[in-house]
Amino acid sequence: MTTARRPVRATLSFFADLDRQLGAERGPRGEPSTNDFQSVELLPIVEIFATRFDDLPELIPGRTDYRVLITTGVLVQGLTAVGQLATDGAVELVSLEIDLGFDEY
């Protein structure tokens, strides 16, 4: 079921997750910077939450106010973003996990 377009806003915790995983500058192995991510990856995430919130899977079964997006990216191998429906009808992006596709040491 598709709903009308919802406003979307990213929370401080979402941006803290982004800053924790990516640096201000591009990394030595080709990791994008936080600015790269915001310029390329963030707008499609916002668009999906704005237009398809109700179609996304529930993060917690039975909690329709939390939805999760698991997808591939342009600059990153994959990402998981969590959105919460706020009382004013907006979607708040509350967390972000990025998979850069590199093996851990």
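**Strands, charges and rings: a chat**

Reader: What kind of model is this, predicted or experimental?
Author: This is a predicted model.

Reader: OK. Which way do β3 and β4 pair, parallel or antiparallel?
Author: Strand β3 (residues 78-85) pairs with β4 in the antiparallel sense, over 8 bridges. Within that pairing, glutamine 84 stands opposite glutamate 92 in β4.

Reader: How many residues sit between β3 and β4?
Author: The two strands form a hairpin with 5 residues between them. Glycine 89 is in the turn and has a positive phi of about 95 degrees.

Reader: And how does β1 run against β4, parallel or antiparallel?
Author: Strand β1 (residues 8-10) and strand β4 (residues 91-99) run parallel, joined by 3 bridges. Valine 8 stands opposite valine 91 in β4.

Reader: Switching to charges. How many salt bridges are there in the whole structure?
Author: A search of the whole structure finds 9 salt bridges. Side chains of opposite charge can pair when their charged atoms come close.

Reader: What does aspartate 17 form a salt bridge with?
Author: Aspartate 17 forms one with arginine 20, and the closest N and O atoms are 3.4 Å apart. Both residues lie in helix α1 (residues 12-21), 3 residues apart, which is about one turn of the helix.

Reader: Why does aspartate 17 count as buried?
Author: Buried means under 20% relative accessible area, and aspartate 17 is at 15%, so it counts as buried.

Reader: What else does aspartate 17 touch, leaving out residues up to four places away in sequence?
Author: Aspartate 17 touches Val94, Ser95 and Leu96. A polar atom of the aspartate 17 side chain lies 3.0 Å from the backbone nitrogen of leucine 96.

Reader: Back to arginine 20. Which glutamate does its side chain meet in a salt bridge?
Author: The side chain of arginine 20 meets that of glutamate 97, at 3.0 Å from N to O. Arginine 20 lies in helix α1 and glutamate 97 in strand β4, so the pair ties together parts that are 77 residues apart in sequence. Glutamate 97 is partly exposed, with a relative accessible area of 43%.

Reader: Which residues are linked in a network of salt bridges?
Author: Arg9, Asp88 and Glu92 are linked in such a network.

Reader: What about aspartate 65, which side chain does it meet?
Author: The side chain of aspartate 65 meets that of arginine 63 in a salt bridge, at 2.8 Å from N to O. Arginine 63 counts as partly exposed, at 36% relative accessibility.

Reader: New topic, rings. How many aromatic pairs does the structure hold?
Author: The structure holds 1 aromatic pair. Phenylalanine 14 and phenylalanine 15 form it, edge-to-face, with 5.7 Å centre to centre and 90 degrees between the planes.

Reader: How accessible are phenylalanine 14 and phenylalanine 15?
Author: Phenylalanine 14 counts as buried, at 0% relative accessibility. Phenylalanine 15 is partly exposed, with a relative accessible area of 27%.

Reader: Last one. Where does the charged end of arginine 29 sit?
Author: The charged end of arginine 29 sits over the ring of phenylalanine 102, 4.2 Å from its centre. Elsewhere, arginine 67 lies over the face of phenylalanine 53, at 5.6 Å from the ring centre.

Notes: Residues numbered from 1 in each chain as written. Predicted model: local features only at pLDDT ≥ 70, side-chain atom pairs only at ≥ 80, totals over all residues. Heavy atoms only, no water. Pairing = 2+ DSSP bridges. Helix = DSSP H or I, 4+ residues; strand = E, 2+ residues; numbered from the N terminus. Salt bridge = Lys/Arg side-chain N within 4 Å of Asp/Glu carboxyl O. Buried < 20%, exposed > 50% of the residue type's maximum accessible area, 1.4 Å probe, protein only. Phe/Tyr/Trp six-rings, centres within 6.5 Å; stacked < 30°, edge-to-face > 60°. Lys NZ or Arg CZ within 6 Å of the ring centre and 35° of its normal. Polar contact = N/O pair within 3.5 Å; in protein donor to acceptor, adjacent residues only side chain to side chain. Contact = heavy atoms within 4.5 Å.
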